[in-house]
Amino acid sequence: MSIITVKNLRKSFGKVEVLKDINAEIKEKEVVCIIGPSGSGKSTFLRCLNRLEDISGGHVVVDGHDITDKNININKVRQEVGMVFQSFNLFPHKTVLENITLGPVKIRNTSKEEAEKIALELLEKVGLSEKAGSYPGELSGGQKQRVAIARALAMNPKIMLFDEPTSALDPEMVGDVLEVMKQLAKEGMTMVVVTHEMGFAREVGDRVIFMDGGYIVEENEPNELFNNPQHNRTKAFLSKVL
Amino acid sequence: MDVISTSLPILLQGLKVTLYIFVIAITLGFLLGLVVALLKLAPFKILNWIAKIYVDAIRGTPFIVQLFFIYFGINSFHIISLNNTTAGIVTVAINAGAYFTEIIRAGIQSIDKGQTEAARSLGLTGSQTMRYVILPQAFRRMLPTITNQSIISLKDTSLLSVIGIADLTQQGQIQASATFEVFKIWLIVGVIYFIIIYLLSILANFVERRFELR
Ligand SMILES: Nc1ncnc2c1ncn2[C@@H]1O[C@H](COP(=O)(O)OP(=O)(O)OP(=O)(O)O)[C@@H](O)[C@H]1O
Ligand SMILES: [Mg+2]
């Protein structure tokens, strides 16, 4: 069953078209990694999946809702789609616990006690139980990103989107974050991950999509794509990053 | 010494009027500034224009002209009659509101757009995002400029004496001509304003420092 269906997706910024006729399907529980050179449209594509970017053309159907339909309640759809950013984007004026409970309390009308209980469970899961009362400014990059993952998970989403979650981290912090993501994949979360971590894509990904110049050039199982790329552009890119 | 014992109670009477007008006007002005700032940032051209005309009109004219316009100009139509205190409060509020609009707009725009994106991606609505994520952070950043504008508005209230409001400055004038102790009276009036503004700055500093701990 496809939980996300993308048909003829186009996205322009002004006159510049950065996504050109993108078609893709993402199945439930699938982990799809998106790779490609800088500026190829990976982030823009990901951000179209929860309509953080206005969509210029085509259709994006998420969990049965066509989010290109202007009449749809996009906030409802976004509750089912967690997103993790390269720059964490934690709320600096709120404690770690408040960051995580904000969504459930204000949107899902979960009681504060219940939301805090869930938040503490999630913090334990990402290995940060002792940081509940800290402010984001007091955390390392890796810790921030794990809190950001917990914050997204607190909404109990069906899908998680990751936009280069480890790119802003010091090398020694990358492992902790990838470990949390691996665990999430193991639990059956549907994940779309824009990443430069080819090791992660190979190990955890069910499928890898290679983008270049606003197109999906090639997609395949990780081993096939990495060992046996079909297109010259894929070959050229992989020869640079592997 | 005699002047102080006879005039000081009357001057403090005036101070009460000044503070009363200031507190009401600055609160209204702040709320007005918040609303107009949101209009200015709203995705509707007409609203942006209305906000811009208001801000430009206030910034481009002297306070005293605004005061006369509201007190004499509006009363000249005999449709509504504003007493001088109301006219004074309204003028200070409208005047401060225009400056607050720019302060608040700049404060909101200074918050990284990643904050909005994170909030919206959780499923928060635009107004929930503004209320729980953007404004609390923006206000912290704006606090020094808000304090500054509040001090300016407090000093502007001294101009309200020209429409006969019995504020600190007006009482100073009355006492100065009644006692002929011009130097002493205006010195006392100046010191009172100075102390009030000094206390206001201390309060603002205290609030700022409490927020900084986060
Ligand atoms: N808000 C925007 N306004 C104008 N152009 C934009 C905007 N966001 C992205 N672009 C352009 O769209 C193209 C694709 O950008 P995108 O961020 O999706 O690339 P990317 O594949 O994620 O790159 P990177 O690996 O560097 O993150 C780029 O040419 C970029 O300059
Ligand atoms: Mg990107």
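This is a predicted model: local features need pLDDT of at least 70, side-chain atom pairs count only at pLDDT 80 or more; totals for chains, interfaces and linings use all residues.
Colleague: How many residues of chain A are in contact with chain B?

Modeller: On the chain A side there are 22, and they are in contact with 19 residues of chain B.

Colleague: And how much area do the two chains bury between them?

Modeller: About 1800 Å², with 60% of it on carbon and sulfur atoms. In chain A, the residues that lose the most area to chain B are Phe91(A), His93(A) and Lys106(A), together 29% of what that side buries.

Colleague: Which side chains meet in a salt bridge?

Modeller: Glu117(B) and Arg47(A) do, at 2.7 Å from N to O.

Colleague: Which helix gives the largest share of the chain A side?

Modeller: Helix 2 of chain A, with three residues. By class, the side of chain A that touches chain B has twelve nonpolar, five polar and five charged residues.

Colleague: Turning to the ligand, what surrounds ligand 1?

Modeller: The surrounding residues include Phe13(A), Val18(A), Pro37(A) and Lys42(A). Helix 1 of chain A, residues 42–48, supplies the largest share of the shell, three residues. The shell divides into three nonpolar, six polar and two charged residues.

Colleague: How far is the side chain of Ser38(A) from an oxygen atom of ligand 1?

Modeller: An N or O atom of that side chain is 2.6 Å away. For Thr44(A) the corresponding distance is 2.5 Å, and for a polar side-chain atom of Glu164(A) it is 3.3 Å.

Colleague: How much of the accessible area of ligand 1 does the protein cover?

Modeller: The protein covers 57% of the 640 Å² that ligand 1 has on its own.

Terms used
Residues are numbered from 1 along each chain as its sequence is written. Chains are lettered from A and ligands numbered from 1 in the order in which they are written. Side-chain values use heavy atoms; hydrogens and water are left out. Contact means heavy atoms within 4.5 Å. Buried area is the accessible area (1.4 Å probe) that two parts lose on being put together, summed over both. A salt bridge is a side-chain nitrogen of Lys or Arg within 4 Å of a carboxyl oxygen of Asp or Glu. Helices (H or I, at least four residues) and strands (E, at least two) are DSSP runs, numbered from the N terminus. Ala, Val, Leu, Ile, Met, Phe, Trp, Tyr, Cys and Pro count as nonpolar, Asp, Glu, Lys and Arg as charged, and the others, Gly among them, as polar. A residue is near a molecule or strand if one of its heavy atoms lies within 4 Å of it. A polar contact is a pair of N or O atoms within 3.5 Å; within protein, one must be able to donate a hydrogen and the other to accept it, and residues adjacent in sequence count only if both atoms are side-chain atoms. Accessible areas come from the Shrake-Rupley method with a 1.4 Å probe; for residues, only the protein chains shown count as cover.
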